[in-house]
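Student: Could you take a close look at one part of this model with me? I'd like the local picture and how it sits in the whole.

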Amino acid sequence: MANREHLEILLRGVEEWNDWRKNHSGIRANLEGADLRDANLERAKLQDANLEGADLRDANLHDFWSSARSATSIGLGSSPTEKNELG
(Lines give C-alpha, C1' and ligand atoms only; values in the text may rest on other atoms or scores of the structure.)
Protein backbone atom coordinates (compact mmCIF):
# COMPACT_ATOMS: atom_id res chain seq x y z
CA MET A 1 0.00 0.00 0.00
CA ALA A 2 1.26 3.45 -0.93
CA ASN A 3 2.52 5.80 1.75
CA ARG A 4 -0.30 8.32 2.07
CA GLU A 5 2.07 11.28 2.53
CA HIS A 6 4.11 10.35 -0.54
CA LEU A 7 0.98 9.99 -2.68
CA GLU A 8 -0.47 13.29 -1.47
CA ILE A 9 2.77 15.11 -2.31
CA LEU A 10 2.84 13.62 -5.81
CA LEU A 11 -0.80 14.51 -6.44
CA ARG A 12 -0.12 18.15 -5.47
CA GLY A 13 2.06 18.43 -8.54
CA VAL A 14 5.32 17.43 -10.14
CA GLU A 15 7.23 20.54 -9.03
CA GLU A 16 6.38 19.95 -5.37
CA TRP A 17 7.11 16.21 -5.77
CA ASN A 18 10.51 16.84 -7.33
CA ASP A 19 11.42 19.34 -4.60
CA TRP A 20 10.38 16.83 -1.94
CA ARG A 21 12.44 14.09 -3.61
CA LYS A 22 15.47 16.39 -3.76
CA ASN A 23 15.16 17.28 -0.07
CA HIS A 24 14.47 13.69 1.03
CA SER A 25 16.88 11.76 -1.16
CA GLY A 26 17.44 9.17 1.58
CA ILE A 27 13.78 8.10 1.56
CA ARG A 28 12.53 5.56 -0.97
CA ALA A 29 9.17 6.85 -2.15
CA ASN A 30 6.43 4.27 -1.70
CA LEU A 31 3.67 4.49 -4.31
CA GLU A 32 2.86 0.79 -4.25
CA GLY A 33 -0.64 0.13 -5.57
CA ALA A 34 -1.38 3.84 -6.06
CA ASP A 35 -4.13 4.87 -8.46
CA LEU A 36 -2.27 7.20 -10.80
CA ARG A 37 -4.60 6.81 -13.79
CA ASP A 38 -4.62 9.94 -15.95
CA ALA A 39 -2.08 11.64 -13.64
CA ASN A 40 0.23 14.24 -15.14
CA LEU A 41 3.64 12.87 -14.16
CA GLU A 42 5.59 14.67 -16.87
CA ARG A 43 9.17 15.13 -15.64
CA ALA A 44 8.35 13.59 -12.25
CA LYS A 45 11.39 12.11 -10.52
CA LEU A 46 10.09 8.60 -10.00
CA GLN A 47 13.41 6.76 -10.10
CA ASP A 48 13.92 4.44 -7.14
CA ALA A 49 10.24 4.81 -6.17
CA ASN A 50 8.28 1.68 -5.35
CA LEU A 51 5.61 1.61 -8.07
CA GLU A 52 4.75 -2.07 -7.74
CA GLY A 53 1.10 -2.56 -8.63
CA ALA A 54 0.54 1.15 -9.28
CA ASP A 55 -2.07 1.89 -11.95
CA LEU A 56 -0.38 4.15 -14.49
CA ARG A 57 -2.94 3.75 -17.28
CA ASP A 58 -3.17 6.90 -19.36
CA ALA A 59 -0.74 8.72 -17.06
CA ASN A 60 1.46 11.32 -18.74
CA LEU A 61 4.96 9.92 -18.34
CA HIS A 62 6.54 12.21 -20.94
CA ASP A 63 10.25 12.66 -20.24
CA PHE A 64 10.09 9.99 -17.57
CA TRP A 65 12.58 7.72 -19.32
CA SER A 66 15.03 10.54 -19.90
CA SER A 67 14.85 11.63 -16.25
CA ALA A 68 15.17 8.14 -14.78
CA ARG A 69 18.63 6.76 -14.15
CA SER A 70 17.40 3.37 -15.29
CA ALA A 71 14.20 1.41 -15.61
CA THR A 72 15.66 -1.16 -13.23
CA SER A 73 15.33 1.26 -10.34
CA ILE A 74 11.55 1.01 -10.57
CA GLY A 75 11.42 -2.62 -11.61
CA LEU A 76 10.31 -2.09 -15.19
CA GLY A 77 13.25 -3.57 -17.08
CA SER A 78 16.95 -3.25 -17.41
CA SER A 79 17.18 -0.09 -19.50
CA PRO A 80 15.05 2.77 -20.81
CA THR A 81 15.13 1.24 -24.28
CA GLU A 82 12.97 -1.62 -23.00
CA LYS A 83 9.98 0.68 -22.57
CA ASN A 84 8.57 -0.48 -25.89
CA GLU A 85 8.33 -4.01 -24.53
CA LEU A 86 6.11 -2.85 -21.68
CA GLY A 87 3.06 -2.36 -23.83
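Student: Among contacts in the protein between residues at least 6 apart in sequence, what percentage join residues at least 24 apart? And then zoom in on Asn60, please: where is Asn60 found?

Tutor: Keep in mind that this is a predicted model. For the contacts you ask about, those between residues at least 6 apart in sequence, 33% join residues at least 24 apart. The protein has 3 helices and 0 strands, so its pattern along the sequence reads α-α-α. Of its 87 residues, 37% count as buried, and the accessible surface comes to about 5,600 Å², with 44% of that belonging to carbon and sulfur atoms.

Now for Asn60. You'll find Asn60 in the loop between helix 2 (14-23) and helix 3 (64-67). Asn60 counts as partly exposed because its relative accessibility is 28%, and partly exposed covers the range between under 20% (buried) and over 50% (exposed). If we set aside its neighbours within four places in sequence, Asn60 is in contact with Ala39, Asn40, Leu41 and Glu42. As for Arg43, 17 residues away along the chain, its C-alpha atom is 9.1 Å from that of Asn60.

The loop between helix 2 and helix 3 also holds Asp58 and Asp48. Asp58 isn't a glycine, yet its phi is positive, near 60 degrees; Asp58 is exposed because its relative accessible area is 67%. Asp48, also not a glycine, has a positive phi of about 70 degrees, but Asp48 counts as partly exposed, at 28% relative accessibility.

Notes
Residues are numbered from 1 along each chain as its sequence is written. This is a predicted model: local features need pLDDT of at least 70, side-chain atom pairs count only at pLDDT 80 or more; totals for chains, interfaces and linings use all residues. Side-chain values use heavy atoms; hydrogens and water are left out. Helices (H or I, at least four residues) and strands (E, at least two) are DSSP runs, numbered from the N terminus. Buried means under 20% relative accessible area, exposed over 50%, partly exposed in between (1.4 Å probe, protein chains only). Contact means heavy atoms within 4.5 Å. Accessible areas come from the Shrake-Rupley method with a 1.4 Å probe; for residues, only the protein chains shown count as cover.
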